[in-house]
Amino acid sequence: MNEVTLKKQLHELQIFLNQASIPEIKAQPKTFLGIAKQPHYENVLSNIYSFYFNVYEEHGFKDLFINSLIELIRKSNRFDNDKLDELEELHPGTEVATKEGGRIDLLLSNQDQAIIIENKVFHILNNVLENYWNSIEVDFKVGVVLSLKQLSEINNEFFINITHKELLDTVISNLGSYILEGNDKYIVFLKDLYQNIINLSSKTMKDEEIKLYLDNRQKIQEVVNLDQRIKDYVVNEVEKACVLLSAEKQFQLVGKRNTRFRYYALPNISNLVIVVVFEGLFKNNDGYMHLIVEPRHNEIEKTKKIDRSVFSENERKILKEPFNADGNNVWAHFAHKAYKLDSGNLSDLSNFIVQSLKKDHLLAIFDKLERFLTANK
């Protein structure tokens with residue numbers, strides 16, 4: 001790519017970045033079910049629902065869940081309201097066997113009444129609902145398919161569709177009159193279940209994000225490529241600085257696989273290093289590079305004994321005081337300075353690192369600490 005083409009491409013990228021309204025992407029809140037890697041398992045959700053539908057369980061919410069479900073069933077106008085009013089003492093069961101060898105996910109029933117619930121998360125509704133319906137022989141029954149999204153059709157006149165979120169929305173809306181008697185622990189669990197259902201029901205990407213990408217995929221890819229080129233450049237310059245330093249002092253580069261930093265060490269004292277932390281250069285809320293003199297492992301305790309008077313006034317200004325206050329026995333910052341870089345510094349980063357280590361006394365501090373630790377082996 002020649003210089004004219006490069007300048008044109010960068011100019012076009014600058015226009016795109018100035019004009020494009022990049023949406024803020026917010027991560028979904030974590031839930032305990034998500035942490036346990038079980039946010040979408042139907043049997044897990046059925047077991048949780050069964051617990052909350054049990055009016056005698058220790059959650060203390062009594063008929064909160066069953067009343068909320070009946071409220072939604074009533075809104076469908078598919079069942080006799082007088083019969084719905086008579087629903088009482090419904091006991092929950094999961095994985096209830098049917099006459100033809102199937103399993104009802106969740107059954108709320110007594111001798112005369114039943115609510116048959118098919119619990120769907122990501123799976124397709126291909127169950128034989130008629131088999132479920134005919135397997136429960138009671139005077140009055142209701143069929144419900146619980147799903148993440150509203151289904152276009154169910155193909156069974158006895159079943160209605162209610163989404164998980166509709167159910168939990170109604171439960172949370174009705175919680176106020178039950179909350180005083182509810183067990184605080186199970187209020188927390190209920191909130192976590194509710195957030196889990198919100199996470200499952202929500203799109204992981206918004207329509208405007210997808211549209212922005214589709215409309216600008218070439219420019220976005222160019223920005224991604226430029227971002228990676230800059231990151232590769234920074235790493236190369238940090239490693240090059242070690243080579244420049246080794247002309248005067250035999251530093252060796254360590255930590256090549258790390259994406260956050262590199263450090264320079266001497267062969268004779270590998271646990272005293274100069275660390276260059278560059279990950280902040282790639283973050284909007286940071287933008288700093290950090291240069292650090294760092295004893296590690298067995299050199300930390302020895303470093304505590306050095307007389308601070310051997311350092312000049314300017315050197316003492318960047319010493320970490322108190323040293324190793326947190327008792328870390330793996331690494332500890334002895335001296336540190338942060339740098340907010342502009343394009344000029346970044347364009348000659350390797351030389352900037354070398355000159356900063358010298359003029360800001362970090363190399364002098366390293367030398368004095370090296371001599372002390374070498375003498376006290």
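**Close-up views of a predicted model**

**View 1. Strand E4 and its neighbours.** Five bridges join strand E4 to strand E5 (residues 159-163), and the two run parallel; strands here are DSSP runs of at least two residues, numbered from the N terminus, and two strands pair if DSSP finds at least two bridges between them. Within this pairing, Val 144 stands opposite Ile 160 in E5. Strand E3 (residues 113-119) also pairs with E4 in the parallel sense, over seven bridges, and there Gln 113 has Phe 140 of E4 as its bridge partner. This is a predicted model, in which local features need pLDDT of at least 70 and side-chain atom pairs count only at pLDDT 80 or more, while totals for chains, interfaces and linings use all residues. Residues are numbered from 1 along each chain as its sequence is written, and side-chain values use heavy atoms, with hydrogens and water left out.

**View 2. The two faces of E4.** Eight of the eight residues of E4 (residues 140-147) are buried, so the strand is largely enclosed by the rest of the structure; buried means under 20% relative accessible area, with a 1.4 Å probe and protein chains only. Phe 140, Val 142, Val 144 and Leu 146 lie on one side, and Lys 141, Gly 143, Val 145 and Ser 147 on the other.

**View 3. Ser 350 in helix H13.** Ser 350 belongs to helix H13 (residues 349-359), helices being DSSP runs (H or I) of at least four residues. Ser 350 counts as buried because its relative accessibility is 0%. Apart from neighbours within four places in sequence, Ser 350 is in contact (heavy atoms within 4.5 Å) with Glu 237, Lys 240, Ala 241 and Leu 244.

How values were computed. Buried means under 20% relative accessible area, exposed over 50%, partly exposed in between (1.4 Å probe, protein chains only).
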